[in-house]
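Student: Could you walk me through how to read burial, contacts and salt bridges in a model?
Tutor: Gladly; let us take them one by one.

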Amino acid sequence: MFSSLLGLFSSNMAIDLGTANTLVYVPNQGIVLNEPSVVSLLHEKGSYIPYAFGNEAKAMLGRTPADIKAIRPLKDGVIAEFKGAEEMIKYFITSVHKKRSFFAKPKVIVCVPYGSTPVERRAIQDAVESAGAREVYLIYEPMAAAIGSNLPVTEATGSMVVDIGGGTTEVGVISLGGIVCAQSVRVGGDTLDESIISYIRKNHGLYIGDSTAERIKKEIGTAKKPNKKDEKSISIKGRDAVTGIPREIVLTETIMAESIFDPIAQIIDAVKLVLEKAPPELSSDIADNGIIITGGGALLRDLDKVISETTGLKVQVADEPLHCVVLGTGRVLEDFSYFRHVLFQQD
């Protein structure tokens, strides 16, 4: 009874707790929050206290004085720094409710990587509960992405989705409301950034930061070497590895394709592994229907073409790749009784 009364004062929500960004969906309102998964902490009286969250905290990355640290509390899709994650989730929940209220105790559904361990899933559940949730349910990211892509997940047909997030890539074959086979690899947008940073340091003797790597990826990142006549380039600045003096270089799409070759190969290997594990009947469905790719990584130029050329299957980017996971989770929240079987709680 008391739990039901609390629900009257709360906006139940679906949360895509991503390594790079956190998105919150509220029934009948849609996506109400989309901010970087970053928190900054202020060192005061021997301990760290919350200082800024989301966009404000992200602007501080790599620029903080000694008494402030800006961190990303999630790594590879799971919690790496519990207190920071708890404070960040609490901030996002109260932001959705506009004001702090004792009665704001929402029911929350949170996405988790398929390859996460029970301990990692329990940490996410505990963090959301500590942040003020009344009930917490978990859903695997491949299932949420498939629902958000409007795939027929409850039908007796095979649907294959590849969700490339900031920390992980989730590949799954889904049929009759369940995940038949799946593979989760801890390769995502962050790995691409790290590969770009490493490549530029080794081949051009230049140190660059995460923000610069992300900008390079978004502007000229590509999974396939382009035709020379159509090639784009970008000028970037960094610190010379030898002299320590700021220096500028020009990068091309060909260089970018070379720099991220290894992580792209790992994603393709995961896709091929799941295809090998799929039952023959579902393989036939996938051959007919193709593969849907979602997540921020789906926006990488020509990635769909590379996967298609490697597998020989039709590959399509979802209509809203960045939002598929949270939209799917939101749809489950809105039709809770119909989709209840795709949810679980970690013991």
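**Burial, contacts and salt bridges**

Tutor: Ser-195 is buried, its relative accessible area being 16%; buried means under 20%, exposed over 50% and partly exposed in between, with a 1.4 Å probe and protein chains only. This is a predicted model, where local features need pLDDT of at least 70, side-chain atom pairs count only at pLDDT 80 or more, and totals for chains, interfaces and linings use all residues. Residues are numbered from 1 along each chain as its sequence is written, and side-chain values use heavy atoms, leaving out hydrogens and water.

Student: Which residues does Ser-195 touch, not counting those up to four places away in sequence?
Tutor: Contact means heavy atoms within 4.5 Å. By that rule Ser-195 touches Ser-259, Ile-260 and Pro-263.

Student: How many salt bridges does a search of the whole structure find?
Tutor: A salt bridge is a side-chain nitrogen of Lys or Arg within 4 Å of a carboxyl oxygen of Asp or Glu. The search finds 15. One of them joins Asp-190 to Arg-72, with the closest N and O atoms 3.2 Å apart. That pair links distant parts of the chain, 118 residues apart.

Student: Is Asp-190 buried or exposed?
Tutor: Asp-190 is buried at 18% relative accessible area, whereas Arg-72 is partly exposed at 31%.

Student: Where do Glu-87 and Lys-83 lie?
Tutor: Both lie in helix α3 (residues 82-96), 4 residues apart, about one turn of the helix; helices are DSSP runs of H or I with at least four residues, strands are E runs of at least two, and both are numbered from the N terminus. Glu-87 and Lys-83 form a salt bridge with closest N and O atoms 3.3 Å apart.
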